[in-house]
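Trainee: I would like to go through this model and ask, for each description, what grounds it rests on.
Mentor: Then let us take the descriptions one by one.

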Amino acid sequence: MLNTLLPILLFAALALAVIGAGKRFLMWRRGRPAQVDWIGGLLAMPRRYLVDLHHVVERDKYMSRTHVATAGGFVLAALLAIVVHGFGLHNRILGFALLAACVLMFGGALFVAKRRRNPPARLSKGPWNRLPKSLLMFAASFFIATLPVAGILPQGFGGWLLAAVLAVGVAWGVSELFLGMTWGGPMKHAFAGALHLAWHRRAERFGGGRSTGLKALDLDDPKAPLGVEKPSDFTWNQLLGFDACVQCGKCEAACPAFAAGQPLNPKKLIQDMVVGLAGGSDAKFAGSPYPGKPIGEHSGGPHLPIVDLNGKALVDAETLWSCTTCRACVEECPMMIEHVDAIVDMRRHLTLEKGATPNKGAEVLDNLIATDNPGGFAPGGRLNWAADLNLPLLSEKKSVDVLFWVGDGAFDMRNQRTLRAFVKVLKAANVDFAVLGLEERDSGDVARRLGDEATFQQLAKRNIATLAQYRFNKIVSCDPHSFHVLKNEYGELGGHYQVLHHSTYMDELIGSQKLHLGKHKGGSVTYHDPCYLGRYNGEYEAPRAVLKAIGIEVKEMERSGFRSRCCGGGGGAPITDIPGKQRIPDMRMLDIKQTGAELVAVGCPQCTAMLEGVVAPRPEIKDIAELVAEVLLEAPAPAKKPAPAKREMAEVQ
Amino acid sequence: MAFEAMFQPIQIGKLTIRNRVLSTAHAEVYATDGGMTTERYVKYYEEKAKGGIGLAICGGSSVVAIDSPQEWWSSVNLSTDRIIPHFQNLADAMHKHGAKIMIQITHMGRRSRWDGFNWPTLMSPSGIREPVHRATCKTIEPEEIWRVIGNYAQAARRAKEGGLDGVELSAVHQHMIDQFWSPRVNKRTDEWGGSFEGRMKFGLEVLKAVRKEVGDDFCVGMRICGDEFHPDGLSHEDMKQIAAYYDATGMLDFIGVVGSGCDTHNTLANVIPNMSYPPEPFLHLAAGIKEVVKVPVLHAQNIKDPNQATRILEGGYVDMVGMTRAHIADPHLIAKIKMGQVDQIKQCVGANYCIDRQYQGLDVLCIQNAATSREYMGVPHIIEKSTGPKRKVVVVGGGPAGMEAARVAAERGHDVTLFEKKDSLGGQITTASKAPQRDQIAGITRWFQLELARLNVDLRLGTGADVAAIQDLRPDIIVLANGGHPFLEQNEHWGAAEGLVVSSWDVLDGKVAPGKNVLVYDTICEFTGMSVADYLADKGAQVEIVTDDIKPGVAIGGTSFPTYYRSMYPKEVIMTGDLMLEKVYREGDKLVAVLENEYTGAKEERVVDQVVVENGVRPDETLYYALKEGSRNKGQVDVEALFAIKPQPCLTEPGDGYLLFRIGDCVAQRNTHAAIYDALRLCKDF
């Protein structure tokens, strides 16, 4: 009886799955076109899955092993089941192989089940709690059904009763595992995930690459929407990417805005996009809501606006404006989903089409347009901070080794200390450098993250035109945001440069013995990785190497390196200022305090400002350039008098 | 950006100044070796440069010729090439930190003294005596005029060769140039006087000669007054005309404006406005000059805090603000603004201890910052944390000595407890601040309060300390700064014990209600006696202040006694000298004060209803002697180490128990600066 039932069940499930897949595919294709390498992507997919994705999953060893066993077992079992039970190839060896696959899968599923007994808050419940049972059912049913094939049990063992039970088990199993893949069950992640990997919008990320720059809007294309208003405004492979979500909540656990009680949960956001692409409400979402926003009140559809500024639609605007663009979610996501791209796409619509950038957003954008800096300071004051430093201007020198990109910190009294310290270092190392002075403009970072792509492109193009007049080997900046934009986002607009963060450059100077340094005096030090230096650009080592060179042994925070917690200052978040239960920088300061360090070294003007905004008592905050400048020694005199190295006078400004 | 207007660079001549704040020229009284800018001088200015100032114009009244004596006020001597290498040191020290440095140059004419050193004959356009210095002088002859013009040019050359960034010609304070300007002292009928052009001629020739000597690339400015405030002197309209006249020559790079002339005691007090003045009292005069000239206008006088400076600059009244005393009180003022530490700025309170010393020919010192001008000795503005053992330090007394001791010890990183028996900090500063027009002196306490809070000093206010309470804290060091009490018991016939006389503290602190008809007897002749007389008069009492010294208030400095007089004369306070208070007795409901003339022995009596005695402070020594025997160092301060700014040797000597020091008026009456200086130099090595 089973020999009749099983093929029917298997092929029916497969057929329905194929129909579902077609339907799902058409849903994705509601999105705008995107250029993908159809065949190449599919061919590259196994490697992307087995290497790149595994690399991310491998960070959680328990989950990695569980998944290898469960998924590996399942794939093997499913294929063998189709051969053995579907096509009736009752080969004994195949039977044993299928048994082994089922055991493997069952073992893995046991661990899945174990984790589901007291699941952490980040995991979705609902159908996801059913999944381990389905997995066990699938593995167990096929195991028993295969025992006769392997000759362990006689054919027809158990009679019709067992056959009926097994048929129910198999039906349950294949429904979840075959149908569920394409009809919206938890197993959808396998199907969509595989295709997402194949046709990923940032294929550069695979094979150890890094792709973090936002993609430009084609402002000259009258047909292209200005950002994303409705789900169908996403490119189709973005929609596909949303469908790949496994709801593991690693993003939720890493999101600083979520932890601060702001109305953002990256996992929920992706799931809302899934709701949007298929149509419906979020009522069935079985994970943590956006803080302060109950589930069941929002709904949408592929051609309905995602945000209703006067009421409720799929997502509230403040959810989108809570994001600091820190990329912690993207970094953590085992399915390599691009949350930040999606958020900025939706912000673009709100800013460019609706003019609805909240709080100080509109003012900042107006300032950028009128004064080339977000603070609205008189542009003529851009070099005031260096009035007494006699900085060489690129407009006079025309050609230099290093262009020191100052950034808008030029207008901020605190950051001026960092800038002055870095100038001191450059001078001490006799670097051939110059600044753009009044020719420099805001890099466009904030405008772009606030969704104002037009202002970004305008600023970028003007900067690129300015830079085109001069010759320089590299650009160095103390501002990771300028650094990132110049390095990764100007290229698409025609600006290709070698750009270094000042910590990287100081590390080079130290390595080539251009600096005579003493040792840091004072208390213990921890280091805060800026998002735009670390996660965006992978620079974790140079700042630490510089600190080490001046005798600092960094007391690392639990969340450091690629898991560093954002200071709250990125993505225009301090400007849009969405209220939460606590402030992100306060939480980061707690991380810092837990190390017991008396000083936190930073490498970003935003981080400095956010952390210094935390009320005392708290550790001191200093930029790496300040720490280096403090221990600069005068170069040994080249004359015959070999004067002992003397410590530079402390500069108090 | 907060205070943005202050940090706008400015172009003066060919010079770019990094911000809008300068230290205007003042006499420092630091030049040594015949008027050279030696180590103390350089370090004093370098500290301001380190602290972020844009420009310093040093050397108020630096002389260009040997018949304008430099010795009386140890001013800078530009009459010799010997100065050039010293200027190079000064310029290097300033430029290293990004600041610019100029010097004021002048011939003081009649505004000096002739009775010393080279015994010069002073010169002036018309030989008219100068009252402030009681200086007689001759009428200058044309040959001497041309010689002095040449002296100016040579002096400017020396400044330029020394690497300074410019010179400021002093045409203020009634120096030679403005002596020629003012019809009050220029009665000449030759080409150097008479008409407007005639009176302008000397200044013009000086400017021409200087400009010719230094060329166009060197800054040359002029400091002028905004109004002499004399009926027969130069009015504001006259000064506008003069400023426009020189501005039109195109040879000037800037003009500094000082409100008020200063060749009388009363006008002198305007020039460096003390705490009785409102903020920036003469800004309108500088703004009036700015209306008529093209070059940048610089102005000082009572500009003390960054909000005020920003308001003035944003208003466009002047182009740069002089924060001169503000920088004497805190040379790191700019740095603290930039560090977001505005609350940590030690703000000038206008006590004018600095300038009042200068007018006596003493080195300029700050009443509240004992490190100023002592940088060369190693007295620190920024107290570094100790690398030695953390100590328990107990300070007794919350007056200036105690507050400074607690601050410095806490900056060193020690665990500090301060006992003050009153409910608030301040000690005698609090008492002093009760008098009319003297309230701002409490700013000294305000700063300490903020600092002690920032440094987490354990303040036990309203708590008198006794031996047991101190010992309970197991101190490593005890600093006694518990002051003293009014010394009324010196003469038993005053009847303090019977309540016949009260002290000035009792009155100012409000413990005793003001009488209606009051005799104030003041043997000390400093601030307290004048303050209490002014306070009583202000409350409606008829007051006579009597002293056995020459005149009440005679020991108060030149910029402060005039403001007391201005307050007291209209209230008809009688000031009587040369009478000693012999005794006081009661007659009915009245008191009879018996006074004896110092020089004749003749007796007089006053019938009054209140007698207030100011006889200084008697130290309270009981606590000291109770602790002395138990201390490791027997309460002794090693004065050699103290004077040499070295650590007290006992700090590193092994032993159990506590070290004991006492400072301030609990040792002997001195003044606020002495108390703070002793506290700083003693505690900086704890």
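This is a predicted model: local features need pLDDT of at least 70, side-chain atom pairs count only at pLDDT 80 or more; totals for chains, interfaces and linings use all residues.

Trainee: Why are H4(A) and H5(A) called roughly antiparallel?
Mentor: Helix H4 (residues 92–115) of chain A packs against helix H5 (residues 127–146) of chain A at an angle of about 160 degrees, their axes being 8 Å apart. Angles over 145 degrees count as roughly antiparallel, and therefore H4(A) is roughly antiparallel to H5(A). Their crossing is left-handed.

Trainee: How do you know what kind of residues make the contact of H4(A) with H5(A)?
Mentor: The residues of that contact divide into 17 nonpolar, 2 polar and no charged. Among those in H4(A) are A:Gly95, A:Leu98 and A:Phe106, while those they meet in H5(A) include A:Leu135, A:Phe142 and A:Thr146. Gly counts as polar and Leu and Phe as nonpolar.

Trainee: What does the contact between the chains take from chain A and from chain B?
Mentor: The contact takes 13 residues from chain A and 15 residues from chain B; on the side of chain A that touches chain B, the residues divide into 6 nonpolar, 4 polar and 3 charged.

Conventions:
Residues are numbered from 1 along each chain as its sequence is written. Chains are lettered from A and ligands numbered from 1 in the order in which they are written. Axes are lines fitted to C-alpha atoms, for helices over the stretch in contact, and angles run from 0 to 180 degrees between N-to-C directions. Helices (H or I, at least four residues) and strands (E, at least two) are DSSP runs, numbered from the N terminus. Angles under 35 degrees count as roughly parallel, over 145 as roughly antiparallel, 65 to 115 as roughly perpendicular and the rest as oblique. A crossing is left-handed if the near helix is turned anticlockwise from the far one by less than a right angle, and right-handed if clockwise. Two residues are in contact if their C-beta atoms, placed from the backbone, lie within 7 Å.
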